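Biologist: Please take one part of this model and go through it closely, in plain terms. Where does it sit, and what does it touch?

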Amino acid sequence: MTAPADANAGPLESVPGNVGISPPVPLGGTPRPYLPLSAKETETLRGQHAGFASRFIAFIVDCALSIAVFMLVLSAASFAASVLTGSSIHWSRANTWVVVAFFAWEFFYYAYFWTATGKTPGMVLLGVQVVGQDGSSVGTKRGLLRTLAFPLSFLLLGLGFLGILLQRDRRALHDVIADTAVVYSWDAREARLRSLAREGGGRQP
Amino acid sequence: MESIAQGVAERVIDLVVEALDMNALLARIDLNIVLARVDLNQVVDRIDLDEVIDRIDLNQVVDRLDVNRLMARVDINQVLSQVDIEALVKNTDLGALMVSSSSTLATEAVDLGRSHAVSMDDTIARWVSRIRRNHKGRAEPPELPNTPEKP
């Protein structure tokens with residue numbers, strides 16, 4: 001994905017003939033910001049309903065993070081047991097307790113972040129946030145309801161997520177059940193200015 | 001002889017002027033026609049504006065200005081909305097200040113990642129709209145209660 005051409009970019013220097021060299025960098029032309037978003041897009045982005053890619057990537061990050069923490073805790077427990085009792089514990093995915101503990105941990109992970117701030121670590125990274133359908137904060141009730149309804153979107157063969165693609169307000173099944181929405185919460189305008197500063201007058205000597 | 005003639009002429013002029021009804025005469029003069037004949041550009045050319053300005057005491061003029069009243073009539077928001085912030089950041093030291101104060105490699109990476117994710121969102125939404133051939137645009141966004149999130 002490339003950055004859109006800047007309308008203010010200066011004219012390219014002429015190249016004598018086709019000699020197989022790349023086009024020259026515009027001399028004294030206006031540099032482009034490295035963000036692939038236009039000024040208009042960045043101004044209106046915050047508060048818009050977040051799309052599928054942002055939400056999916058945030059979910060992948062959360063999965064990786066929560067599983068990593070869970071594995072770390074299991075390893076720590078195994079290590080502690082080996083130190084205290086002299087016999088190590090071998091965790092297995094077939095172990096019912098491990099499965100139960102895993103789902104309990106996942107529930108706690110999402111429920112805590114959604115009820116507390118509306119943002120899991122993955123969502124913070126991607127700059128998206130769960131809010132009430134009216135834009136208010138999620139709150140405990142809606143956060144818990146969303147966490148409980150979240151697996152339902154998977155259990156219906158993933159059909160619960162189709163709403164993100166097909167609905168105008170990009171709400172999945174668990175959003176509809178919990179009366180929530182996921183919106184962009186990062187300041188894209190500020191990010192664009194930062195990129196302009198970096199690429200333009202802000203170059204450090 | 002010449003002095004006699006001049007004296008007679010002055011006396012005659014005095015008598016004529018005394019006999020004239022100046023108000024009636026002025027009433028009969030069409031000032032618009034008179035002004036139409038005046039070449040104002042020529043008049044202005046003859047005025048030394050530097051000398052006029054030199055005679056004006058600007059401090060006195062400024063003292064008489066009610067700055068508070070003047071400022072109250074200025075819509076700062078409208079003025080600021082006309083400022084090209086992007087050009088300001090690109091072409092002034094403000095950009096360098098922003099870079100040194102807030103922009104780190106991690107910040108740039110996060111900005112870039114988020115921007116590309118948004119681009120992918122829009123691309124996917126366009127594909128879906130084409131497939132469905134039923135593009136209605138996005139729904140009105142909810143009003144966010146919180147401040148923007150920093151990377």
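Modeller: Helices (H or I, at least four residues) and strands (E, at least two) are DSSP runs, numbered from the N terminus. This is a predicted model, in which local features need pLDDT of at least 70, side-chain atom pairs count only at pLDDT 80 or more, and totals for chains, interfaces and linings use all residues. Residues are numbered from 1 along each chain as its sequence is written, while chains are lettered from A and ligands numbered from 1 in the order in which they are written.

Chain A has eight helices and two strands, arranged along the sequence as α-α-α-α-β-α-α-α-β-α. Of its 205 residues, 35% are buried; a residue is buried if 20 or more other C-beta atoms lie within 10 Å of its own, exposed if 12 or fewer, and partly exposed in between, with C-beta atoms placed from the backbone.

The part to examine is helix α11 of chain B, residues 105–132. The expected span of a helix is 1.5 Å times one less than its number of residues. For the 28 residues of α11(B) this gives 40 Å, and the end C-alpha atoms are 40 Å apart, so the two agree. Its buried residues are Asp111(B), Arg114(B), Ser115(B), Ala117(B), Val118(B), Ser119(B) and Asp121(B). Just after the helix, Arg133(B) has a positive phi of about 50°.

A helix from chain A packs on α11(B): α2(A), residues 52–85, at an angle of about 130° and with the axes 6 Å apart. Axes are lines fitted to C-alpha atoms, for helices over the stretch in contact, and angles run from 0 to 180 degrees between N-to-C directions. That angle makes α2(A) oblique to α11(B), because angles under 35 degrees count as roughly parallel, over 145 as roughly antiparallel, 65 to 115 as roughly perpendicular and the rest as oblique.

Two residues are in contact if their C-beta atoms, placed from the backbone, lie within 7 Å. From α2(A), Phe52(A), Ala53(A), Ser54(A) and Ile57(A) meet Ala117(B), Val118(B), Met120(B), Asp121(B) and Ile124(B) of α11(B). The residues of this contact are seven nonpolar, one polar and one charged, where Ala, Val, Leu, Ile, Met, Phe, Trp, Tyr, Cys and Pro count as nonpolar, Asp, Glu, Lys and Arg as charged, and the others, Gly among them, as polar.
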